[in-house]
Amino acid sequence: MAQLNLNGKPVTIDVEGDTPLLWVIREQAGLTGTKYGCGIAQCGACTVHLDGAALRSCVMPVSAITPEQKLVTIEGLAGSQPHPVQIAWAELDVAQCGYCQSGMLMAAAALLAQNPNPSEEEIRSQITNICRCGTYMRVLEGIQLAARRMNSAGAPASAPATAQART
Ligand code: FES
Ligand code: FES
């Protein structure tokens with residue numbers, strides 16, 4: 001049995017404790033925006049936020065998550081409006097096939113929460129998600145556009161409390 005705070009709602013899920021969080025999110029919670037790519041924490045398709053930090057959910061046993069920790073998936077990224085990275089992605093047509101893009105967006109949003117004005121080098125070194133379609137340049141431009149917008153709007157960046165896994 002796992003108790004989670006998922007996209008702001010408490011959920012109780014009947015699974016073995018060693019079940020990877022990704023499968024709990026997709027199969028038990030029915031939130032299929034988070035994707036399976038490699039299953040070994042390499043590609044980032046499964047990226048979600050845990051207390052604001054990017055987490056590769058395919059290698060995280062659900063038992064390691066406490067009910068107090070805030071899990072956010074792509075379905076919960078937008079507030080009353082789309083997140084600035086979602087707006088930038090749409091404007092720049094970042095996605096190609098789209099499979100990797102929820103992970104890219106979650107990694108991008110976590111990066112900007114931690115570092116509101118990342119350099120190109122920081123973006124390149126910290127966004128390590130894999131895109132088979134090769135959207136990397138547009139991902140870079142999308143993060144830079146979102147950062148400019150967030151900084152000019154003075155949007156508060158929610159600082160991630162923990163970084164339990166790299167994106
Ligand atoms: S599916 Fe988790 S990192 Fe690839
Ligand atoms: S957009 Fe196709 S894998 Fe990234």
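Two residues are taken to be in contact when heavy atoms of the pair lie within 4.5 Å. Among contacts in the chain of this predicted model between residues at least 6 apart in sequence, 62% join residues at least 24 apart. With that picture of the contacts in hand, the overall build of the chain can be considered.

The chain holds five helices and five strands, and reading along the sequence gives the order β-β-α-β-β-β-α-α-α-α. For 167 residues, a compact globule would have a radius of gyration near 15 Å, and the chain agrees with this, having 15 Å. Taken along the principal axes, the box filled by the C-alpha atoms is roughly 45 × 35 × 25 Å. Of the 167 residues, 43% are buried. The accessible surface of the chain amounts to about 8,300 Å², and carbon and sulfur atoms account for 51% of that area. As for charge, there are 11 positive and 13 negative side chains, with 6 Å between the centres of the two sets.

Because 13 of its 14 residues are buried, α3 is largely enclosed by the rest of the structure. One of the residues found in this helix is Ser102. Its relative accessible area is 9%, and as this is under 20%, Ser102 counts as buried. Beyond its neighbours within four places in sequence, Ser102 is in contact with Gly33, Thr34, Lys35, Ala45 and Ile74.

Leaving out residues up to four places away in sequence, Ile74 touches Gly33, Thr34, Gln86, Ser102, Leu105 and Met106. Along the chain, Ile74 and Ala64 are ten residues apart, and 20 Å separates their C-alpha atoms.

Another loop, between β4 and β5 (70–72), contains Pro61. With a relative accessible area of 30%, Pro61 is partly exposed. Not counting residues up to four places away in sequence, Pro61 touches Gly17, Asp18, Thr19 and Pro20. Pro61 and Cys100 are 39 residues apart in sequence, and the distance between them is 22 Å, C-alpha to C-alpha.

Most residues other than glycine have a negative phi. Ala41, though not a glycine, has a positive phi of about 65°. This residue sits in the loop between α1 (21–28) and β3 (47–50), and Ala41 counts as partly exposed at 26% relative accessibility. Asp51 also has a positive phi, near 50°, in a residue other than glycine. Asp51 belongs to the loop between β3 and β4 (53–56). Its relative accessibility of 21% places Asp51 in the partly exposed class, since the buried class requires a value under 20%.

Key: Residues are numbered from 1 along each chain as its sequence is written. Chains are lettered from A and ligands numbered from 1 in the order in which they are written. This is a predicted model: local features need pLDDT of at least 70, side-chain atom pairs count only at pLDDT 80 or more; totals for chains, interfaces and linings use all residues. Side-chain values use heavy atoms; hydrogens and water are left out. Buried means under 20% relative accessible area, exposed over 50%, partly exposed in between (1.4 Å probe, protein chains only). Helices (H or I, at least four residues) and strands (E, at least two) are DSSP runs, numbered from the N terminus. The radius of gyration is taken over C-alpha atoms; the globule rule is 2.2 Å times the number of residues to the power 0.38. Accessible areas come from the Shrake-Rupley method with a 1.4 Å probe; for residues, only the protein chains shown count as cover. Lys and Arg count as positive and Asp and Glu as negative; His and the chain ends are not counted. The place of a charge is taken as NZ of Lys, CZ of Arg, CG of Asp or CD of Glu.
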